[in-house]
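Dear colleague,

I am handing over the structure we spoke about, with the sequence alongside. Please have it open while you read the notes that follow.

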Amino acid sequence: MNAYLDGLRGLQPEIVMTITALAALVFDLVLKGRESRRVGYLTLAGLAFTAWFLLGQWGDSAPRTVFGMVAVDQFGNFFKLFTVAALAMVVLFVMHDQREREHGVGEYYFLLLGAAIGVFFMVSTNNLLLMVLGFELLSLASYSLAGFHKGDRKSAEAAMKYVIFGGLATGIMLYGMSLLYGLTGTIDLAKMGVEGGGLVTQLAKSPVPVGIAMVLILAGFAYKVSVAPFHFWTPDVYEGAPTPVTTFLAVASKAAGFGVMLRFLGAIFLRPGVADNVAAYGERIGLLLAILAAITMTLGNFAALRQTSLKRMLAYSSIAHAGYVLIGVACMTEQGFGAALYYLAAYYFMNLGAFGFLLYFEGVNGNDSVESLKGMGFKAPLISCVMIAFLVSLTGLPPTVGFYGKYLLFVEGVNQGLYWLVVVAALNSVVSLFYYLRVAKALFLAKPAEREAAPAPVLTGFVTALGVATVVLGLYVPPLVAWAQRSLDVLRG
Amino acid sequence: MQDQILSWITFIPLLGMAVILLIPKTSLNAIKGVSLAATFVPMVMATWLYFGGFRHLTQGDFDQARVAGDILASQFVQRIPWIDSIGVEYYVGVDGLSIALVWLTTILLFIGVIASFGMEKAGKAYYALLLMLQVGISGVFVSLDLFLFYVFWEIMLLPMYFLIGIWGGPRREYAAIKFFLYTLAGSVLMLIAIVALRLDSGTFSIPKLTEIAAQGKLLGANLPAAGELLGMKFSTWVFWFLFVGFAIKVPVFPFHTWLPDAHVEAPTPISVILAGILLKLGGYGMLRACFPFAPDAFHEFAYVLAILGVISIVYGAFVALGQTDFKKMVAYSSVSHMGYVLLGMGAFTVWGMEGAVLQMFNHGTSSAALFLIVGVLYDRAHHRDLNAFGGMSQIMPRYWALTTLGFFAALGLPGLAGFVSEALTLIGAYQAGDARFRTLVFISLLGVVFTAAFLLWAMQRVFLGQKNEKYAGFEEINFRELVCQAPLLFLCILFGILPAFLLDWMHPSVQNLLSILGAKA
């Protein structure tokens with residue numbers, strides 16, 4: 001009984017999230033769709049509680065496993081805090097989205113929270129089964145969120161594409177996992193690669209079946225983080241989905257996908273006591289990921305060059321950024337994973353900010369084309385100047401958080417001898433500058449627009465806060481680096 | 001205060017920028033006043049630093065400094081840990097190579113602010129960006145930490161982009177983005193080299209890296225398979241990655257194509273800063289953060305550098321000869337003049353190297369003056385077609401006098417500054433004692449002739465000949481324009497007669513640099 005209570009204590013954040021989700025659903029029913037903003041406040045309060053519990057777990061650092069399934073460790077904590085922070089921003093976006101007024105938004109919060117609970121479980125388990133469950137929960141909630149604007153054809157199309165691609169990808173992943181289970185005889189990732197584990201004997205026999213399983217599983221993850229060639233859904237879904245949902249997909253869902261990928265690879269290949277042949281095999285997977293990284297960032301950046309819609313441009317840019325993060329993963333070292341985590345944290349600030357800017361101007365212009373931003377920089381100077389900071393950071397120029405992220409990735413890439421990849425990434429950031437600058441050009445290099453931009457002080461305030469963080473954390477880097485480093489406790493056993 | 005003087009010089013403009021952002025945009029006079037103050041104070045400080053604070057070192061001082069761990073014997077050093085986890089420091093200092101350029105930066109930015117007063121469109125954002133630009137430029141010249149160097153290097157790009165892009169001419173968008181993309185393409189390669197250097201040596205400190213490289217220990221031994229990559233040595237890779245980054249900034253042929261576009265579209269004060277200071281960052285960067293880190297590769301490719309320099313000299317001058325746009329002509333003359341810098345450095349003699357550093361400073365004053373001269377005419381005529389003027393000497397005699405002085409300084413008339421530095425680089429290259437270099441010297445004489453040709457021809461077309469009645473009503477050069485040009489032309493004359501005022505400052509550091517680089521030869 002005591003052990004049971006102890007286990008529940010480890011699950012406090014998940015429990016609070018679940019209660020919040022249910023409360024949001026009931027509260028919305030009681031309100032009958034009126035004043036749905038109150039549901040938003042309830043959600044924010046729930047998220048604050050969750051964050052409080054998560055910060056509490058932050059203190060007790062010894063990793064442990066609850067009920068043999070849910071791992072409570074710093075690594076999961078990183079992604080949970082990340083998700084809570086991202087979700088809080090998304091909820092604020094929903095509450096300040098001009099266009100959401102017309103839709104019933106009560107269910108919005110429930111679905112967002114549901115997706116987040118999925119993230120919570122998928123990033124904090126070494127158990128393949130629970131991993132899939134969390135993955136599916138996130139996916140199902142995301143599908144409905146993408147199609148939230150029922151009357152909107154684009155939104156419906158986005159949801160449909162997302163479901164079909166997603167269903168296929170999850171199916172492939174699940175097949176890979178079943179192969180892995182068949183090969184190793186266990187669904188516990190931690191037990192596969194160590195001496196005496198199933199993977200060791202399998203690899204000694206033949207690496208081919210393991211290779212097939214790994215490729216299939218990684219395909220599922222790659223789909224979630226939109227790594228080429230599994231990225232085709234991204235631009236359409238991002239464009240069709242309501243902007244707050246796009247934000248959620250681009251930031252929280254992508255980070256969660258990386259969380260699961262890092263957890264999976266870390267638990268098998270980077271664990272202390274891993275067998276030699278398994279570690280060597282991990283390096284070959286690293287090379288595969290390096291190639292995917294190069295393809296992904298190049299493709300994302302070049303496709304973004306031609307976009308006329310800011311939303312689509314950000315979608316392709318998010319593909320490119322998945323490629324950058326993948327550099328860190330491909331290194332298959334603790335430092336590489338740390339750099340990937342740092343980059344994700346950096347990505348939180350700059351991409352959320354960019355989407356906040358997009359949301360604001362969707363409200364002002366009624367569309368998301370870059371063209372319609374022309375000369376608006378002079379009409380809404382604060383948010384536009386802050387946007388410049390995000391663009392600079394996304395390009396990876398100092399003194400911003402994005403630059404330091406790129407620096408760390410380059411360091412580990414060079415350290416692992418992936419010189420070609422680092423050169424590709426560096427040249428890619430030159431390409432990306434071109435389309436990021438198109439936004440800056442539209443905002444400031446055109447004549448001041450005739451129209452006025454209706455102020456949105458709260459939204460502008462939050463976006464500005466993100467902008468300040470983007471610059472300040474770029475100049476004062478220790479906190480984020482320390483956080484990213486500490487979150488890798490699972491790799492140290 | 002004295003210990004932190006470099007930080008003050010660097011960051012007072014930032015302070016000024018913060019103040020400007022707080023002033024409402026309607027009080028333009030207050031904004032102008034603040035920018036003037038925020039550039040004037042650093043200029044005073046830098047002038048004091050140059051003539052008062054800076055110590056002329058002896059060989060003994062260098063030996064001492066080397067023992068103390070600073071092979072460059074920098075002065076006014078300030079060292080504060082910045083990002084501990086990767087060993088980045090806020091590490092600034094000046095030596096004989098950088099001090100003159102720091103001084104020049106502060107002078108040109110101050111002049112740039114005054115020159116901007118004539119621009120009607122220039123408002124709050126303009127002055128804020130101008131000051132931000134200054135922070136970046138001064139920062140690069142004083143940085144002794146490679147990471148810090150890179151951060152300052154990149155900070156310059158954004159303000160420059162907007163300054164050209166918002167306040168520029170008709171094709172400003174194209175020019176601004178071209179400038180940004182070219183420079184960034186160079187600097188991302190630099191970043192990779194910086195990362196590799198750091199991982200191999202374990203330090204970002206420029207003096208430390210210089211020392212390690214001089215001992216021949218910077219060979220990529222601590223990096224996987226970096227001893228030899230694709231048939232090239234580690235130091236060769238480092239050399240080219242850094243060199244291309246700096247060469248784009250100089251700009252060296254064939255990386256120069258952004259420069260004429262940027263110059264033609266940029267407003268006059270920005271052209272002044274671009275030609276006067278930004279181009280020097282490239283040359284300075286090579287001396288500070290490229291050659292010393294890969295001395296082997298430098299010696300191996302010194303002749304290639306010299307060839308690139310000579311191509312720039314001759315090609316730049318030749319293309320300038322064909323221009324009908326006054327400003328474009330001056331822009332190409334910059335390409336030509338910066339070629340001497342490369343030729344001098346490639347020659348690797350005391351005279352050549354000193355000539356190169358001197359040429360950077362002298363080109364800073366003379367080209368800035370030329371762009372101001374173009375600006376004066378453009379403000380009145382609103383075009384820059386060399387063929388459309390004529391007989392301006394009768395309309396604006398005082399302006400003509402100043403122009404003549406500026407042109408002669410640029411074409412290297414003895415007695416003016418350009419002559420000394422060009423002569424030094426050419427003699428230095430001749431002294432290299434090698435038939436190949438002598439050939440180059442003879443070829444580059446062609447550039448000297450072309451330079452004289454295009455400047456004199458331009459002079460003839462604009463100022464001499466039949467008076468063009470259309471422009472008869474032009475007012476004479478006004479006080480503000482005079483204030484901008486006078487100090488620059490004064491410096492051209494001063495350093496033409498007394499180059500020792502620059503050379504004595506540079507000489508010990510150049511000597512030291514040569515011995516560092518030569519130690520491996």
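In this predicted model, the contact between chain A and chain B draws 26 residues from chain A and 26 residues from chain B. On the side of chain A that touches chain B, the elements that contribute two or more residues are helix 17 (401-415), helix 18 (419-445) and helix 20 (478-486) of chain A, and the largest share of that side, 13 residues, belongs to helix 18 of chain A. Sorted by class, the side of chain A that touches chain B consists of 21 nonpolar, 4 polar and 1 charged residues.

In chain B, the axes of helix 5 (residues 124-142) and helix 12 (residues 268-289) come within 10 Å and cross at roughly 30°; because angles under 35 degrees count as roughly parallel, helix 5 of chain B is described as roughly parallel to helix 12 of chain B. The crossing of helix 5 of chain B with helix 12 of chain B is left-handed. Here B:Leu133, B:Ile137, B:Val140 and B:Phe141 of helix 5 meet B:Ile273, B:Ile277, B:Leu281 and B:Tyr284 of helix 12, and the residues of this contact comprise 8 nonpolar, no polar and no charged.

In chain A, helix 2 (residues 12-31) and helix 5 (residues 106-122) pack at an angle of about 165°, with their axes 9 Å apart, and helix 2 of chain A and helix 5 of chain A are therefore roughly antiparallel to each other. Helix 2 of chain A likewise passes helix 5 of chain A in a left-handed crossing. Among the residues that take part are A:Glu14, A:Met17, A:Ala21, A:Leu25 and A:Asp28 from helix 2 of chain A, and A:Glu107, A:Tyr109, A:Phe110, A:Leu113 and A:Ile117 from helix 5 of chain A. By class, the residues of this contact in chain A divide into 12 nonpolar, 4 polar and 3 charged.

With best wishes

Terms used
Residues are numbered from 1 along each chain as its sequence is written. Chains are lettered from A and ligands numbered from 1 in the order in which they are written. This is a predicted model: local features need pLDDT of at least 70, side-chain atom pairs count only at pLDDT 80 or more; totals for chains, interfaces and linings use all residues. Two residues are in contact if their C-beta atoms, placed from the backbone, lie within 7 Å. Helices (H or I, at least four residues) and strands (E, at least two) are DSSP runs, numbered from the N terminus. Ala, Val, Leu, Ile, Met, Phe, Trp, Tyr, Cys and Pro count as nonpolar, Asp, Glu, Lys and Arg as charged, and the others, Gly among them, as polar. Axes are lines fitted to C-alpha atoms, for helices over the stretch in contact, and angles run from 0 to 180 degrees between N-to-C directions. Angles under 35 degrees count as roughly parallel, over 145 as roughly antiparallel, 65 to 115 as roughly perpendicular and the rest as oblique. A crossing is left-handed if the near helix is turned anticlockwise from the far one by less than a right angle, and right-handed if clockwise.
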